[in-house]
Amino acid sequence: MKLLARSALSFLLAGTALGAPDILFVNGNVHTANDAQPHAEALAVTGGRITAVGSSAEVRPLADDKTRVIDLDGQTVLPGLTDAHCHIFGVGERELTLNLEGTKTRAAFLAKVKERVAKTPPGKWITGRGWIETFWRPPEFPTAAELDEIAPDNPVFLTRADGHAAAANSVALRIAEITAETESPFGGEILKDKTGAPTGMLVDRAKELVAKHVPAASIADKEEALLQGAKRSLALGWCQVQNPGSDLAEIEIMRRLIDDGRVKLRIYNAVSGPGEPADRLIKEGAIIDAEDARFTQRTIKCYADGALGSRGAALLDQYADADTSGFLVTKEKDLSQLFERALRAGIQIQTHAIGDRANRLVLDLYAAAFKAVPSKERKVAEPRWRIEHAQVISAPDIPRFTKLGVIPSMQPSHAISDLFFAPARLGQKRLAGAYAWQSLLKSGAIIPGGSDAPVERGEPMIEFYAAVARKSLDGESKEGWHPEQAVTREQALKMFTLWPAYAAFEEKEKGTLEVGKRADLTILSADIMKIPEPEILQTRCLMTVIAGEIVFDSERR
């Protein structure tokens, strides 16, 4: 995939042609992600765009008495960071419901649930998300029986961190009429014990059997979730999130709150498919740069399989620690029909695929669609279709991404979270194709980096650290974890700037700090391009700038 080159105007010509800048950032340590001019000290911004990039001595004379000048005193400036895979409503919902993130033991998990039960009237649902059994001893899924002991009178439905499995108690199972005789639905599994009784664990599509009985969030709840998610994202330094999959109500909320000025974050949105949102997008067409270029919707998000941790990821061979090879969650014919329609209409496709079987299938389906719909029959000749996660890839399939022009959109934190269970799930041999960043890059692919929040914490410094260190947050690694797959810091910077811009058809507008591009900046407390790896995790966002507007300032300058 060849990124389009951009001709650079001189800083002086750009500055004088538009009049004096609105704002100058001077005395900074600027990493532009622009190979032609990788470093600078200062930037000028006029009308929401960059009008000069150079030294402080070169840029300062462009100001007049109305120009605001911010002296950065050596602080590090990056192109505005983009989270290429963030469930923005889920981030807010995690903050507003029972957040089970960080429950490192089974006892801690049960204690948090018990605390919520004590505050909840009998009969009311208790929902939450974020638990993961990896660190529990033994590392086994929670059961309905355990939840019954602390919540005998409330239906309980608690989603695993990956979003692909949930634990329900007996009250919730009864409401959903799930018994020993209930068969698992297509694309999901009701886990059962040796007697055939449901254990309370529901994987992928089986979750829907209970989820449909949980009272739906109100519009006000959804609005608050978006506001909380956007506020948190800006404070962390994200300028854009690429949201993988929304229903019609969420789309309306996003556009309204952005238009009202209550959400400043840029959102590149994908609608969920197959189904009504996808059908409507194909019929009505893409929405590009709406709400003052803060909202774009040109993508459909599909699912091929589940998650590795809950053993729903579809593998070519069986799991190393269970008698299953996972499963597909969407029928092939439903995907292939949608893909051809989308390609003709100029709509981008992004498909969740984690296991090597799922990745191979999606590449096959993409290839078939590209063959069935040649360039002359497409509204957008270069579709830039994506595979989200691309976590486990069989060696012969790695070069196919570049050959087909398919973008592997990956989340570095998955590699350091999965570090503690992926070897058991996959065995040593398959780890060679797991989170294979350098193999993909060397084959010619680019990798937009994301966080998959709220599956992971959604912090850019964790993602950057994970990409360059490929170690746990405590600096731990595992045998066979392929440290050679870690990326350079220059590559990691592009994973969260230029490459997400390319994956969103926006590389001419953002992703590097160049004259003429949108003035989106992330300003940090330390130089993550040079400091020791552990110190990256201590680095914090000082300022977030979108279109020249300071939307977060830790010092309120």
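**The open sheet and its surroundings**

Author: In this predicted model, six strands make up an open sheet with mixed pairing, and their order is β3-β2-β7-β22-β23-β24. The edges are taken by β3 (39-40) and β24 (549-553); each has a single partner strand, so one side of each is left without a neighbour in the sheet. Strands of a sheet pair through backbone hydrogen bonds, either parallel or antiparallel. Within this sheet, β2 (residues 29-31) and β7 (residues 76-79) run parallel and are joined by two bridges. N29 has T76 of β7 as its bridge partner.

Helix α8 (residues 219-236) packs on the sheet, where it touches β23 (541-546) and β24. The direction of α8 makes about 115 degrees with that of β23.

The loop between β2 and β3 also deserves a look, as it holds A33. This residue has a phi near 65 degrees, a positive value in a residue other than glycine. The relative accessibility of A33 is 11%, below the 20% limit, so A33 counts as buried.

Two packed helices are described by the angle between their axes and the distance between the axes. For α8 and helix α9 (residues 248-259), the axes come within 10 Å and cross at roughly 55 degrees. The crossing in which α8 passes α9 is right-handed. On the α8 side the contact involves I219, K222, E223, L226 and L227, and these meet E250, I253, M254, R256 and L257 in α9. By class, the residues of this contact comprise six nonpolar and four charged, with no polar ones.

Strand β15 (residues 238-246) comes next. Nine of its nine residues are buried, so β15 is largely enclosed by the rest of the structure. Its pairing can be followed on two strands. Strand β8 (residues 81-83) runs parallel to β15, and three bridges join them; here T82 has Q240 of β15 as its bridge partner. β15 also pairs with strand β16 (residues 266-272), in the parallel sense and over six bridges. In that pairing, Q242 stands opposite Y268 of β16.

In the loop between β16 and α10 (276-284) lies P274, and the peptide bond from G273 to P274 is cis, with omega near -5 degrees. A cis bond is also found from R137 to P138, where omega is near 0 degrees. P138 belongs to the loop between β10 (126-131) and α5 (144-150).

D204 is part of strand β14 (residues 198-204), whereas A33 sits in a loop. With 8% relative accessibility, D204 counts as buried.

Methods: Residues numbered from 1 in each chain as written. Predicted model: local features only at pLDDT ≥ 70, side-chain atom pairs only at ≥ 80, totals over all residues. Heavy atoms only, no water. Pairing = 2+ DSSP bridges. Helix = DSSP H or I, 4+ residues; strand = E, 2+ residues; numbered from the N terminus. Contact = heavy atoms within 4.5 Å. Axes fitted to C-alpha atoms, helices over the stretch in contact; angles between N-to-C directions. Left-handed = near helix turned anticlockwise from the far one by under 90°. Nonpolar A, V, L, I, M, F, W, Y, C, P; charged D, E, K, R; others polar. Buried < 20%, exposed > 50% of the residue type's maximum accessible area, 1.4 Å probe, protein only.
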